[in-house]
Amino acid sequence: MMGKLIKNVCRAFWFIAATMMLAALSVFLFDPYYGFFAKSAQDDGRRQRGQELYFASGCQACHGDTGNEPVDPGYPVIAGQPAAYIERQIRDIKSGARSNGLSPLMQPSTLTLSDADIAAIAAYLTRDR
Ligand code: HEC
């Protein structure tokens with residue numbers, strides 16, 4: 001009698017524990033904001049948009065198709081650096097906060113880019129990291 005009760009309580013306990021673990025796992029994997037799959041799908045979408053903006057803005061005319069082949073030895077290689085760094089440089093060149101060297105040459109092609117556009121381009125260019 002007592003043994004059966006203990007058995008049932010144990011069974012209920014394992015059932016609840018397993019359900020909770022399954023729920024936690026599915027949030028971890030599928031949550032639209034924090035889930036593993038959702039996040040990588042979002043990142044892919046942003047990189048894709050960054051690539052489109054990179055070409056639509058004419059960046060490749062100076063930095064090359066991949067950002068790794070500047071058309072002039074005086075222009076920098078821009079791919080593969082940390083995203084936060086790339087993002088800051090584009091924003092500063094756009095605003096004029098960075099106007100050293102040849103950066104005024106580049107400024108016109110940044111003027112129509114929003115902050116979200118710049119973040120997307122940075123996500124595209126940092127892909128080698
Ligand atoms: C007319 C040529 C030209 C175009 C077009 C151009 N850039 Fe540049 N870019 C430069 C030059 C030159 C520099 C370096 C400026 C300097 O001398 O400091 C630079 C610097 C940068 C840097 C900073 C690199 C570093 O290591 O600090 C980034 C990032 C960048 N460009 C991204 C872009 C993006 C994104 C676009 C398109 C929206 C773009 N550039 C369009 C010429 C260009």
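Residue numbers start from 1 along each chain, following the sequence as written. In this predicted model, local features need pLDDT of at least 70 and side-chain atom pairs count only at pLDDT 80 or more, whereas totals for chains, interfaces and linings use all residues.

The protein chain is assigned two domains, domain 1 (1–30) and domain 2 (38–128). These bounds come from an automatic or database domain assignment. Taken over C-alpha atoms, the centres of domain 1 and domain 2 are separated by 51 Å.

Helix H1 covers residues 2–30. Helices here are DSSP runs (H or I, at least four residues), numbered from the N terminus. The expected span of a helix is 1.5 Å times one less than its number of residues. For the 29 residues of H1 this gives 42 Å, and the end C-alpha atoms are 42 Å apart, which agrees. A residue is buried if 20 or more other C-beta atoms, placed from the backbone, lie within 10 Å of its own, exposed if 12 or fewer, and partly exposed in between. Isoleucine 6 lies in H1. This residue is exposed because 9 other C-beta atoms lie within 10 Å. Its C-alpha atom is 66 Å from that of isoleucine 78, 72 residues apart along the chain.

H4 has 13 residues and reaches 18 Å between its first and last C-alpha, close to the 18 Å expected. Ile86, Glu87, Gln89, Ile90, Ile93 and Lys94 of H4 are buried. They cover an arc of only 165 degrees around the axis, so they lie on the same side of H4. The arc is that of the directions from the helix axis to the C-beta atoms. An α-helix has 3.6 residues a turn, so residues three or four places apart point the same way. On the other side of H4, Ala84, Tyr85 and Ser95 are exposed. The buried residues of H4 pack against H5 and helix H6 (115–125), with contact set at C-beta atoms within 7 Å. Just after H4, glycine 96 adopts a positive phi of about 90 degrees.

The ligand has 22 residues around it, of which Cys59, Cys62, Gly101, Leu102 and Met106 come nearest. A residue counts as near if its C-beta atom, placed from the backbone, lies within 6 Å. Helix H3 (60–63), helix H4 (83–95) and helix H5 (103–106) each give two or more residues to this shell. The shell holds 13 nonpolar, nine polar and no charged residues.

Key. Ala, Val, Leu, Ile, Met, Phe, Trp, Tyr, Cys and Pro count as nonpolar, Asp, Glu, Lys and Arg as charged, and the others, Gly among them, as polar. Two residues are in contact if their C-beta atoms, placed from the backbone, lie within 7 Å.
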